[in-house]
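Please read it with the structure open.

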Amino acid sequence: MIPVCLYFQVHQPYRLRPYNYFDIGREHRYFDDDKNRALLRRVSDKCYLPATAMLMRLLERHPAFSVSFSLSGCLLQQFRDFAPEVRKAFQELAATGRVEFLAETSHHSLAWLASTAEFQAQIELHRERVREDFGVEPRVFRNTELIYSDDLARYLEERGYAGVLADGVEPLLGPLSPDHVYSAATPGGLPLLLRDYRLSDDIAFRFSNRTWKEHPLTSEKYDRWVGALTGEILSLFMDFETFGEHQWKETGIFQFFEAWVELYLSRPGARFLTPSQAIAALPARDRLSAPRLLSWADEARDLSAWQGNDLQRDALRRLFALEDRAKASGSDTAMRDFRRLTTSDHFYYMATKSYGDGEVHAYFSPFDSPYEAYMAFMHVVSDLEHRVTTPARRSPAARPLGA
Amino acid sequence: MFGWEYPPHVTGGLGVASAGLVGGLLETGTEVILVLPCHPFAAGHPLLAIVDSGEVAAADDRPHRKRFLLRLRRVPSLLRPYVTETSYQEDFVAARETGTTFRSLYGPDLATEVLRYAEVAGRIARRERFDVIHAHDWLTYLAGIEARRASGKPLAVHVHATEFDRSPMGGNAFVSETERLGVSTADRVIAVSRYTADTVSERYGVPRERMRVVHNAIDAHESVGAWEVSEHDPLVLFAGRITWQKGPQFFVDAAALVAREIPNVRFAVAGSGDRLRPMMDRVAAHGIERHFLFTGFLPPAELDRLYARANVYVMPSVSEPFGLTALEALRHGTPAIVSRNAGVSEVVRNVLRVDFGDTNDLASKILSVLLFRPLSDALGAGGRSEVARLSWKDAALKCLEVYRELSVER
């Protein structure tokens with residue numbers, strides 16, 4: 001049986017409150033604490049608590065079961081503030097010693113696209129937080145939304161990471177199977193673990209889709225598909241919120257997954273490997289090059305979900321134009337707010353793709369439209385700009401058209 | 001088809017929409033007999049016949065009141081498609097003074113005209129050959145009902161607005177009762193938006209299965225030059241009838257907030273109506289007269305030039321069945337801010353929406369569009385391409401579908 005590598009992304013952003021032009025210079029609270037608390041409570045009840053409990057049962061029953069997580073720093077902070085029992089549930093998983101925690105940016109951010117210095121700073125912040133909360137040192141890196149390129153791999157290799165995760169998409173793999181460990185196009189050939197997006201999305205996206213020809217997906221059927229694979233490692237990477245949030249518990253997602261793990265582990269030689277174990281145990285195959293940035297999002301699997309239109313590009317540019325001033329300001333709260341604004345979700349809400357993917361974006365957005373998302377973000381950035389440049393002085397947010 | 005306004009006489013969305021729909025029907029090869037109260041102009045299309053009901057009435061001077069079965073009490077008020085307190089009289093006087101083609105049919109009492117139009121409709125219906133009757137807005141509902149009675153042909157009434165949109169308290173009883181009669185007698189009710197369908201169904205108790213939504217549209221046209229008024233100053237545009245329904249006071253209040261932030265901003269108000277004077281008073285009360293330009297009613301070509309020049313179009317209507325002017329602005333790539341409930345927002349996504357009374361939010365959005373170039377570009381380009389996909393022919397095809405349903409049911 002092919003070994004399986006499970007990795008779950010766990011993240012919630014700090015969502016902005018309604019913030020209009022006239023709040024600039026007057027209101028320095030940007031984030032909607034009530035909404036963020038309420039959403040975290042809801043996701044905790046529907047997903048985090050029952051899903052961690054399910055994984056704990058599997059870990060207790062099966063020594064060959066293991067799992068890995070990437071928990072964003074903004075979520076770990078929100079656990080502390082709003083849901084300490086969820087933090088505890090993850091700590092209990094960590095205590096089994098069979099759960100790996102991956103490295104990422106503290107704020108699930110787009111920093112790699114804008115500033116290496118900020119990227120590095122956020123990785124450090126995240127490392128400290130994971131060490132504090134779980135007592136472990138992350139060794140394998142996964143960037144926000146599996147954003148990946150050769151440059152990123154080289155950067156990580158130079159800093160001693162054991163490996164990196166990416167999506168197993170055609171531009172990277174060509175005709176090759178995603179079910180092996182590969183080497184990045186770097187001097188040292190950094191090990192690369194690739195998401196098998198078909199089998200991952202069968203669970204994460206298609207599981208409850210009644211128009212899918214394989215619906216309903218049973219654990220037996222899924223096990224047959226896994227059993228038919230000929231590669232060396234099956235990487236199932238998905239949002240942890242798949243359990244109970246993206247796929248409601250009424251769809252049977254919990255029972256399906258638990259039953260499949262049981263069924264799979266009943267096969268001879270079946271075992272789960274964490275990313276570090278997979279990298280250590282398996283040979284790194286072909287060298288794969290990604291000159292351009294890839295990701296796991298939308299149909300395009302590129303950056304278009306966050307940087308696909310002028311609004312998104314303008315917002316990122318305007319935000320990072322404040323980086324140096326925010327750092328120089330010496331204000332912890334200004335720096336904290338700056339970092340919370342680097343989170344990819346803010347840019348995702350501004351996507352204006354109108355077909356297919358656009359519907360997915362709308363589902364996740366707290367805003368009425370991408371334009372509302374952009375306006376709120378830009379007003380907040382304007383206020384932050386005032387805070388880190390000339391405190392107490394007020395000037396127009398930008399130059400009017402034609403002026 | 002019974003209409004009230006048709007080019008070259010158009011004072012608002014009803015005239016534009018009727019003309020658009022007639023054009024769309026002709027494009028599909030449908031023959032249209034268009035009955036108008038007064039229209040001494042050629043039809044200009046082989047499939048279109050225009051019947052001037054005034055001519056019919058004049059040619060037939062026999063007493064016909066007995067054959068007219070509808071009995072309605074006349075109210076001594078001045079009415080027009082867009083009922084306001086003084087506008088009808090103003091128009092009437094203006095038309096008489098300037099010697100334009102407004103003739104006897106538009107008398108000082110519009111209720112009389114509506115009833116006379118209806119009487120003549122019966123005779124026209126007996127004389128002409130047709131399959132379906134289509135009547136636009138309350139002014140023509142009685143005509144449609146008379147034609148239905150006289151011919152036995154099915155009637156579709158087209159609701160471009162209701163009296164509940166036009167007036168805060170449900171407005172004029174003659175108008176609303178005429179509307180009630182029209183929508184309850186008709187075999188089908190066509191509404192210009194889901195918003196309007198909801199209004200008709202809630203206010204007049206029309207079952208939803210008898211209603212269809214056919215959104216208004218807009219056709220492509222030649223690009224026009226832009227007004228060259230203070231080219232370097234940001235320009236915010238309000239266009240349309242200046243009535244309670246259109247929320248002019250919210251525009252002015254928001255303008256005052258915007259003017260504080262952008263000293264060289266300009267506001268153009270194109271249109272006229274019974275709230276023009278109160279609107280001007282409000283501008284003066286805010287002390288922002290120097291930012292304002294009141295153009296009065298503009299002919300379409302001039303209005304187009306203003307749309308093209310404006311940096312943002314604002315439509316803060318209290319109640320807006322559709323809001324064609326927003327499509328006109330978007331056709332020029334001018335970003336639009338519209339009321340959340342406006343029917344037009346059911347067909348375009350690239351607009352900003354506001355609650356009409358939230359002037360703080362409205363001002364914030366005007367400022368955002370003026371200050372953030374990528375926002376203004378995205379709204380303009382996105383809106384323009386959405387609008388380019390709309391056509392009156394598609395609206396006409398939906399009407400044809402309604403006609404077919406009615407023919408099958410007969």
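This is a predicted model: local features need pLDDT of at least 70, side-chain atom pairs count only at pLDDT 80 or more; totals for chains, interfaces and linings use all residues.

1. Chain A overall. Chain A has 18 helices and nine strands. Of its 403 residues, 61% are buried. Its accessible surface is about 15800 Å², and carbon and sulfur atoms hold 50% of that. Take the contacts in chain A with a separation of 6 or more: 77% of them join residues 24 or more positions apart.

2. Helix 13 of chain A. This helix spans residues 310-320. Its N-terminal end is capped by A:Asn309. A side-chain oxygen of A:Asn309 sits 3.0 Å from the backbone nitrogen of A:Leu311. A:Leu311 is itself buried. Other buried residues in the helix include A:Leu316, A:Leu319 and A:Phe320, along with the polar A:Gln312 and A:Asp314.

3. The core. The largest nonpolar core has 118 residues. Helix 18 of chain A, residues 370-388, gives the most to this core, with eleven residues. A:Tyr148, A:Phe377 and B:Ile366 have the most contacts inside the core. Leaving aside residues up to four places away in sequence, B:Ile366 touches B:Val236, B:Ala254, B:Val258, B:Val312, B:Val314 and B:Ile337. In soluble globular proteins, nonpolar side chains tend to be buried together.

4. Cysteines. How many disulfides are there over all chains? The count is zero. A:Cys47 has 0% relative accessibility, so A:Cys47 counts as buried. B:Cys399 is also at 0% and therefore counts as buried. The cut-off for buried is under 20%.

Terms used: Residues are numbered from 1 along each chain as its sequence is written. Chains are lettered from A and ligands numbered from 1 in the order in which they are written. Side-chain values use heavy atoms; hydrogens and water are left out. Helices (H or I, at least four residues) and strands (E, at least two) are DSSP runs, numbered from the N terminus. Buried means under 20% relative accessible area, exposed over 50%, partly exposed in between (1.4 Å probe, protein chains only). Contact means heavy atoms within 4.5 Å. Accessible areas come from the Shrake-Rupley method with a 1.4 Å probe; for residues, only the protein chains shown count as cover. A polar contact is a pair of N or O atoms within 3.5 Å; within protein, one must be able to donate a hydrogen and the other to accept it, and residues adjacent in sequence count only if both atoms are side-chain atoms. A nonpolar core is a set of buried Ala, Val, Leu, Ile, Met, Phe, Trp, Tyr and Cys residues joined through side-chain atoms within 4.5 Å. A disulfide is a pair of cysteine sulfur atoms within 2.5 Å.
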